Amino acid sequence: MDIYRTTIRPILFSGLKVDPEWAHQQSLALLSWIGQYQNQFPVSRIEHQLKSVFSINSTRLSQTLWGLSFPNPVGLAAGFDKDGVAAGIWHSFGFGFAELGTVTLHPQPGNPRPRLFRLLQDQAVLNRMGFNNQGAAALATRLSQHTQAVSLPIGINLGKSKITPLEAAAKDYLASFRQLKAWGDYFVVNVSSPNTPGLRSLQNATQLSQILEALQTENQGDKPLLVKIAPDLEWEAIADILELAQTYQLAGIIATNTTIRRDGLSTTVISRTGNLVTEEAGGISGAPLRQRSTEVIRWIYQQTQGQLPIIGVGGIFTPEDAWEKITAGACLIQTYTGWVYEGPGMVRRILEGLLQRLDVAGFNSLSEAVGSQVDRV
Ligand SMILES: Cc1cc2nc3c(=O)[nH]c(=O)nc-3n(C[C@H](O)[C@H](O)[C@H](O)COP(=O)(O)O)c2cc1C
C-alpha cells in the first residue's frame with residue numbers, strides 16, 4: 001500500500017486546506033535535516049531505509065553523458081530545491097540526478113504570495129514563484145560544505161536577477177556561473193521562466209548568443225552547459241536556439257519549462273483567490289504540459305538527428321509518460337509536479353516500469369530506447 005497516496009496526499013491536498021508553499025517548505029526542511037545528519041545514527045538508519053524502499057539499481061538504466069555517470073535517467077527538476085538545502089538526499093529517493101536552482105546572482109524574495117496553486121482536477125500546478133532564492137554565493141557556500149554527501153550528478157540552473165536589467169543579463173549569468181562553477185556537474189541557462197518580467201525574451205537568438213558567448217568564454221569547455229526552453233516557442237525560434245547550440249557547443253537542451261497557455265484545463269477558477277485561471281499569472285506544469293513537451297523533444301531530436309542530448313521534462317507521472325519522453329528522444333528526464341502528486345514512491349515505480357519496457361522492446365539498455373519511436377527526417 002502506498003501511504004503517501006492513500007493518507008498523506010489527501011491531508012496535504014485538501015483536508016486541512018494546507019498552503020502548498022508551506023507544505024513544500026516543511027517537506028524540504030525535513031529532507032534537509034535528514035541530508036545533514038545522514039551519516040550519524042539514528043538518521044543514518046532512516047536514510048538507509050529510504051534508500052532501500054525508494055531506489056533501485058540496474059546497470060541497464062545507467063548512462064554516461066558528458067563524462068558524468070548517471071545511475072538512472074530520472075532527475076529532480078529545477079525549482080524544487082532552489083537553494084540546494086537537500087542536495088545530499090535526492091539519491092535516497094531513487095533519483096539519478098538533481099538540478100538545483102533556479103539561483104540568481106542576487107538573493108531575492110520572489111513574487112508576493114500566494115504564488116503556488118494546485119489544480120487538482122487537472123493534475124497540474126500553477127506557479128509564479130519568481131525565482132525566490134538565497135543567491136549564488138549562498139548556494140556556493142552550502143555546496144562547498146556538503147561535497148562528501150552529494151553522490152549524484154548535480155546540475156545548477158541559473159536565472160537572471162530581477163533587479164538586473166535585461167541588457168545586463170549576460171553579466172549577471174556570468175557572475176553566478178563564476179561563483180558556482182566548481183560546485184555543479186552541469187549548468188543550465190534558464191531563459192524560459194514566465195515569472196521574471198522579460199526573461200523569456202532572452203530566448204531570442206541575439207540576446208541568448210550574448211549570454212552563451214560570455215558563459216562559454218569563461219567555461220572553456222570545462223562544464224556541460226545546457227539551455228532550458230519554454231514549451232510556448234514557435235518552431236522557428238527553437239530552430240534558432242538549435243543553431244546557437246551548435247555555435248556555442250552546448251551540451252544539450254532541457255525541454256521544457258512551464259507553459260503560459262491555459263487551454264484544455266478543467267479548472268476554471270482558482271479557489272484560493274476566486275479568480276479565473278485565465279486571469280492568474282504564472283506557468284502551468286504537470287499533466288496539461290505532457291503532450292506539448294514531448295512534441296518539442298521529438299522535434300528537437302529529429303532536427304538534430306539525435307546528436308544533441310535532450311533532458312525531457314513536463315507532465316511525467318507514470319512509467320508510460322517516462323517511456324514516451326525517452327522514446328521521443330530524451331536521454332534523461334526530470335519531474336517536479338508528478339513527484340508532488342504521486343509521492344516519493346514515484347521514481348522507483350518509473351524505473352521498474354522502464355525496465356519492463358526495455359524487456360518488452362528487446363533492448364539491453366536504456367540508451368537503445370532513446371529516440372526509438374522517432375522517424376528520422
Ligand atoms: C513550483 C514550481 C517552481 C518551479 N521553479 C523552477 C525554477 O526555479 N527554474 C526552472 O528552470 N524551472 C522551474 N520549474 C519548472 C520545472 O522545473 C519543470 O520544467 C516544469 O514544472 C515541468 O515539469 P513537471 O510537469 O514535471 O512539473 C518550476 C515548477 C514548479 C511547479
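The following conversation goes through the terms applied to this predicted model and the values behind them.

Colleague: What should I know about the numbering and the confidence limits?
Modeller: Residues are numbered from 1 along each chain as its sequence is written, and side-chain values use heavy atoms, with hydrogens and water left out. In this predicted model local features need pLDDT of at least 70 and side-chain atom pairs count only at pLDDT 80 or more, while totals for chains, interfaces and linings use all residues.

Colleague: Why is Ile 333 called buried?
Modeller: Buried means under 20% relative accessible area, exposed means over 50%, and partly exposed is in between, with a 1.4 Å probe and protein chains only. Ile 333 has a relative accessible area of 0%, so Ile 333 is buried. Ile 333 is in strand β15 (residues 332-335); helices (H or I, at least four residues) and strands (E, at least two) are DSSP runs, numbered from the N terminus.

Colleague: Why is Ile 46 called partly exposed?
Modeller: The relative accessibility of Ile 46 is 37%, so Ile 46 counts as partly exposed. This residue is in helix α3 (residues 43-54).

Colleague: What makes Leu 30, Trp 33, Tyr 37 and Ile 46 a patch?
Modeller: Patches are made of residues with over 30% relative accessible area and no salt bridge; like charges are joined within 9 Å, and nonpolar side chains (Val, Leu, Ile, Met, Phe, Trp, Tyr) within 5 Å. Leu 30, Trp 33, Tyr 37 and Ile 46 form a nonpolar patch on the surface, and together they have about 370 Å² of accessible area. Such areas come from the Shrake-Rupley method with a 1.4 Å probe, and for residues only the protein chains shown count as cover.

Colleague: Why is the pair of Glu 21 and Arg 113 called a salt bridge?
Modeller: The term requires a side-chain nitrogen of Lys or Arg within 4 Å of a carboxyl oxygen of Asp or Glu. For Glu 21 and Arg 113 the N to O distance is 3.3 Å, and the side chains meet in a salt bridge. Glu 21 lies in helix α2 (residues 20-36) and Arg 113 in the loop between β4 (97-103) and β5, so the pair ties together parts that are 92 residues apart in sequence. Glu 21 is buried at a relative accessible area of 3%, whereas Arg 113, at 48%, is partly exposed.

Colleague: Which other pairs meet the salt-bridge rule, and how many are there?
Modeller: The count comes to 13 salt bridges. One of them joins Glu 280 and Arg 128, with the closest N and O atoms 3.0 Å apart. That pair links distant parts of the chain, 152 residues apart: Glu 280 is in the loop between β12 (275-276) and β13, and Arg 128 in the loop between β6 and α4 (136-145). Both Glu 280 and Arg 128 are buried.

Colleague: How do you know that β5 and β6 pair?
Modeller: Two strands pair if DSSP finds at least two bridges between them. β5 and strand β6 (residues 124-127) have 4 bridges and pair in the antiparallel sense. Leu 119 stands opposite Ala 124 in β6. The two strands form a hairpin with 4 residues between them, and Gln 123 in the turn has a positive phi of about 50 degrees. β6 is also joined to β13 by 4 bridges, again antiparallel, and Val 125 has Ser 285 in β13 as its bridge partner.

Colleague: What makes strand β13 covered on both faces?
Modeller: In β13 (residues 283-286), Gly 283 and Ser 285 on one side and Ile 284 and Gly 286 on the other are all buried. In a regular strand the side chains alternate between the two faces of the sheet.

Colleague: Why is Gln 249 called exposed?
Modeller: At 66% relative accessibility, Gln 249 is over the limit and so counts as exposed. Gln 249 also has a positive phi of about 50 degrees, although it is not a glycine.
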